[in-house]
Structure formats: structure tokens, C-alpha cells
Amino acid sequence: MHLAPPQLVRFSTEMLPHGDRMSAFREQFARKVLTMDVVDHSGGKPRIDLTALKLGPVSVGSVRGTACEFIREAQHVKDGTGDLQLLLVGHGPVHARQMGRELRLEAGSAALFDYRRPHRSGGGNGGSAANVFVPPPMLQALVPHAEDRVGHQVRPGLALRLLDGYLGSLIALDAPPPADLAHVIAQHLVDLAAAVIGPTPEGREIIAGRGLKAARLHAALAEIARRAGNPGFDVDSVARRLGLSRRSLQRLLEETGTSFTEHVTARRLERAYAMLADPACAHLRIVEIALAAGFGDVSHFNRLFRSRFGETPSSARTSSGRGRD
């Protein structure tokens, strides 16, 4: 079966002519692309920013904006779209309704909706949310009766945090991934959605060695990039955050061909190199840059820097024309 190539779309009401932007957004995008209606509750000053990434049969997206409500009514359901929608709230609260159930979703929470049935969601004070759209048959082997969870809030936990982080990295992409990688990512998203909804014991085993493993690796590398500048940062703090033992995390990272320590050192060296070339850091001495990057021993930093970049920190700074020694 031939699948359409991955597509990345960004749309904002700011792209529309001044005037009644919400009316234009409703006609040109909400009804035609989202097959939904939208009601403005912003007092006449709406702004809605949307991102959508289509990965074959699986799609992800995000929405951020002023107070509004997205409504999928009976006439919209006729479009034949049959996906299950997992909505993750970034900033809330978001109020939602489907099948007679009213939900108030706070930041960090999520709920499952069925695109084959009318539903509505929105924030009275504005907010943001991410979405995963998955065809029910793709979940069948992992969550046999996923439709039974529709209209219910899902329990928070590690799987939801991992999915949220994974979505954040996808939504931030500058371009869609290649088709072969998109297929792998789509499977990871199905696995993570199933883990959030509640898989069978057999499904849990499948997910653990596939999507959940990939998301944990992604989260570990993101945590290393974020906290490498902290001299006290260690493998145990990352393991605790990901719900893994120290050895399990080390094995996970070793599968990349690089140990935890090597990953941390690489991020610290990259930070130091960037600071040496940054005009805003021109007033800092090299020893101060080394400490800011997370190194406690300047001699050790100098040796590692030269081994990685083939020059000393001083020569790197000189070649950039910045700062002092």
C-alpha cells in the first residue's frame, strides 16, 4: 500500500488579513481542514497557532491560543474520519465533552476522544494542547477495546510524560522526517498512546521493547542536554526521572554506542565551544566558561576540548575573534 509522504503544516490566524480573522480561520481552515467549527471567546481579539504533522496513518499536532472552543458536530462526523484522538493539555484548564461526559482537564492531564462522534473542547482563558490521532485498528493488538476509554480522563504517569516529551520534539521539527523514519515514529506514537490508555499485559511487553524504549532514550538524551551544565548532574538523577534502575539506563544509552559520561561530556564541550564563539560571553575568562559548561577541572577541560575539536579553547576563541583568555 502506498502511503502519502509525511507532511508538516503550520497555520496561524496571524497569517490572515486584518479584520474578522476568526471568521476567516473558521471558513478557510477549521471547517475545511480540521472538519470542525470554532467559536471565539476572546472578546474579539483571537489568536490561534496550529501545527500538524502527518506520519502516514498517524498524525500529531498542537494548538495554542486565546479563549475559544473547537466543536465537532454531527455534520462534521460525516467526513468519515475514524481516528481516536488523545489530547494532552499543556496549559489549561481545558473543558471537554463527549458522550454526555463533561471533563475539566488541568495542565499535564489527558483524555481520549473519538473523532467518529461529536465532541467539543476549549479553554475559557486560552491555553495549549497537543494531540495524537491514531486509527483504532492500529491499537487493537495493544488495547483491544480502546473505544471503551473514550470520554474519560487517562491516568497521569511516566508513559504520559514520555509521550508529552516525544510530541514536543516532533512538533518543534523544521521539516517532516523522511518516509522510512516517519514509519518508525508512527509506530512509537501508537505504542506510547497505548501505554497511556492502558495496554493488555501482552501489549505492555511489546511496548516496553519498542515505543516505550525509544521514548525513554529520547527523554534521557533530552535530560542530559538540559542539565549537563550542572556539575552535580549524574546518571542516578536521570534514572529516577525515567523510572529506571541505574544499570537499565546505562544499558539503554550504551545501545547508542556512547556511555552516559560520554554523552554528558559531549554536551558540555558543545556548550563551551558555543560560549567561546558567543559575543555575549566575550567578557568571560576561559576558566569561567569551563565552569559554566559543567567542568570542575580546567586542565581536564583543556585536554578534552583539544581532543574533541583539535585546538585549544584559547585558539578557538581567537579564531572566532572574541573575548579574552
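Two strands count as paired if DSSP finds at least two bridges between them. Keep that in mind as you click around this predicted model.

**Stop 1: a strand pair.** Select residues 84-91, which are strand S6, and residues 110-114, which are strand S9. Five bridges join these two, and they run antiparallel. Now pick out Leu-86: across from it you'll find Leu-112 in S9.

**Stop 2: the whole sheet.** Zoom out to see the open sheet that S6 and S9 belong to, with seven strands in the order S1-S3-S4-S11-S6-S9-S12 and antiparallel pairing. Which strands are at the edges? They are S1 (7-12) and S12 (153-154), each of which pairs on one side only.

**Stop 3: H8 and H9.** Jump to residues 235-242 (H8) and 246-254 (H9). Their axes are 9 Å apart and the packing angle is about 95°, so the two helices are roughly perpendicular. Show side chains for Val-235, Asp-236, Val-238, Ala-239 and Leu-242 in H8, which meet Arg-246, Leu-249 and Gln-250 in H9. By class, that contact has five nonpolar, one polar and two charged residues.

**Stop 4: H10 and H12.** Finish with residues 260-276 (H10) and 298-309 (H12), packed at about 85° with axes 11 Å apart. That makes H10 roughly perpendicular to H12. Among the residues in contact are Leu-269 and Tyr-273 of H10, plus Phe-301 and Phe-305 of H12. By class, this contact has nine nonpolar, one polar and two charged residues.

Methods: Residues numbered from 1 in each chain as written. Predicted model: local features only at pLDDT ≥ 70, side-chain atom pairs only at ≥ 80, totals over all residues. Heavy atoms only, no water. Axes fitted to C-alpha atoms, helices over the stretch in contact; angles between N-to-C directions. Helix = DSSP H or I, 4+ residues; strand = E, 2+ residues; numbered from the N terminus. Parallel < 35°, antiparallel > 145°, perpendicular 65-115°, else oblique. Contact = heavy atoms within 4.5 Å. Nonpolar A, V, L, I, M, F, W, Y, C, P; charged D, E, K, R; others polar.
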